[in-house]
Amino acid sequence: MRPGTPQHRDLFCRTFIDTHVVFEPEALPWPDLEPKYLERLRDFPLWGYARAIEQRAGRMVTAFAQTLDDPLIREAVAVQGVEETRHGRLMTHVLERYGIAVAPLDISDPPARREDFLIFGFGECTDSFVGFGAFAVARQKQLFPDSLLAIFDNVLYEEARHIAFFINWWRYEEARAGRDRMPQRWLDAAKYHVRALIGTAKGASDGPQLPELDGAQIKRMLDGLTPVMVLEAALAENARHMSRLDSRLIKPILMPTLARLAVVALRMLPPRAEAPATSRLQPVGTPASQSAA
Ligand SMILES: [Fe+2]
Ligand SMILES: [Fe+2]
């Protein structure tokens, strides 16, 4: 399907709106957790940051939707705002239900211009890919019971829908403005990815600050893992989520491409840099073919 056409817009908006699932976080089947799982949950150092990021995203995306002229795109972006706001509520519920003591972070109203949505959207492509890898590791190492992982799997599927919607919206807009050409498209995408990464690393002036982790916390989180294992797990998980989306949609490919290149480069390093084959994480699901973004 050609980007920029009314058919393209109808596809990426309708598939997004139609796959929205109505639910209340408090009504999900939250399991009672054994002490070892509770301890692991409470040990995770990024709860406050993650909740603040979702709350901020909910406000920003909802505000951005109201600035859009096209009623169908406006409706779709508003649905994303509902889902991001719900992610924030879901995080709050996790903290309350499992007794995780985290003080709420102050979030001022974020700016919601087109440029802000672009940085946010490309940042989501990176964050979601990292989230896919972290989730795959948690599942493969059985860090939490399946009943809890199933809830977070659905959250990550919503994020996969968000980034696919975002990439299609961006391609639609760029095509209509006559800018949908290579290599300019890749350069623009790379520029927004970098701006999002810088914002995350430095902490946006009006956004939550990434907390400093000590060496012991990082060691516990990455215990027994190599970069290749995490990258391969993220790639397989990304493919699994993308395969659930309509095959006619454009899929984000910058992060998967960089991850594949990194795997190739890491495999060329001396053997000690890589884990033995028997300890590699096993991918789950069937990898999907990726469309060019
Ligand atoms: Fe979210
Ligand atoms: Fe999202």
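**Exercise 1.** In which loop is the place of glutamine 142? Determine also whether glutamine 142 is buried or exposed.

*Solution.* The model examined here is a predicted one.
Step 1. Glutamine 142 sits in the loop between α5 and α6.
Step 2. The relative accessible area of glutamine 142 is 60%. Exposed means over 50%, so glutamine 142 is exposed.
Step 3. Glutamine 142 has a phi near 50°, which is a positive value in a residue other than glycine.

**Exercise 2.** Describe the secondary structure of the chain and the share of its residues that are buried.

*Solution.* Step 1. The chain has 10 helices and 0 strands. Its pattern along the sequence is accordingly written α-α-α-α-α-α-α-α-α-α.
Step 1. Of the 293 residues in the chain, 49% are buried.
Step 2. Consider contacts between residues at least 6 apart in sequence: 88% of them join residues at least 24 apart.

**Exercise 3.** Identify the residues that coordinate the iron ion (ligand 1), and state which residue coordinates both iron ions.

Step 1. Glutamate 84 coordinates both the iron ion (ligand 1) and the iron ion (ligand 2), which are 3.4 Å apart.
Step 2. Helix α4 (residues 71-97) holds both glutamate 84 and histidine 87, 3 residues apart, or about one turn of the helix.
Step 3. Buried means under 20% relative accessible area. Glutamate 84, at 0%, is therefore buried, and histidine 87, at 2%, is buried as well.

**Exercise 4.** Classify the arrangement of helix α5 (residues 114-140) relative to helix α3 (residues 47-65), and then relative to α4.

*Solution.* Step 1. The axes of α3 and α5 come within 10 Å and cross at roughly 135°. This angle makes α3 oblique to α5. The crossing of the two is left-handed.
Step 1. On the α3 side the contact involves Ala57, Met60, Val61 and Phe64, and on the α5 side Arg114, Asp116, Phe117 and Phe120. By class, these residues comprise 6 nonpolar, no polar and 2 charged.
Step 2. For α4 and α5, the axes come within 15 Å, with a crossing angle of roughly 60°. The two helices are therefore oblique to each other, and their crossing is left-handed.
Step 3. Val77, Gln80 and Glu84 of α4 meet Phe117, Phe120 and Glu124 of α5. Here the division is 3 nonpolar, 1 polar and 2 charged.
Step 4. Two links between the exercises follow. Phe117 and Phe120 take part in the contact with α3 and also in the contact with α4. Glu84, a residue of the contact with α5, is the residue that coordinates both iron ions.

**Exercise 5.** Locate serine 147 and the cis peptide bond that involves methionine 182.

*Solution.* Step 1. Serine 147 belongs to helix α6 (residues 146-176). With 36% relative accessibility, serine 147 counts as partly exposed.
Step 1. Serine 147 and tryptophan 30 are 117 residues apart along the chain, and their C-alpha atoms are separated by 7.4 Å.
Step 2. The cis peptide bond joins methionine 182 to proline 183, with omega about 0°. Proline 183 is located in the loop between α6 and α7 (184-202).

Definitions and conventions:
Residues are numbered from 1 along each chain as its sequence is written. Chains are lettered from A and ligands numbered from 1 in the order in which they are written. This is a predicted model: local features need pLDDT of at least 70, side-chain atom pairs count only at pLDDT 80 or more; totals for chains, interfaces and linings use all residues. Side-chain values use heavy atoms; hydrogens and water are left out. Helices (H or I, at least four residues) and strands (E, at least two) are DSSP runs, numbered from the N terminus. Buried means under 20% relative accessible area, exposed over 50%, partly exposed in between (1.4 Å probe, protein chains only). Axes are lines fitted to C-alpha atoms, for helices over the stretch in contact, and angles run from 0 to 180 degrees between N-to-C directions. Angles under 35 degrees count as roughly parallel, over 145 as roughly antiparallel, 65 to 115 as roughly perpendicular and the rest as oblique. A crossing is left-handed if the near helix is turned anticlockwise from the far one by less than a right angle, and right-handed if clockwise. Contact means heavy atoms within 4.5 Å. Ala, Val, Leu, Ile, Met, Phe, Trp, Tyr, Cys and Pro count as nonpolar, Asp, Glu, Lys and Arg as charged, and the others, Gly among them, as polar. Donors are N, O and S atoms within 2.8 Å of the metal (3.2 Å for Na, K and Ca); water is not among the atoms, so sites may look incomplete.
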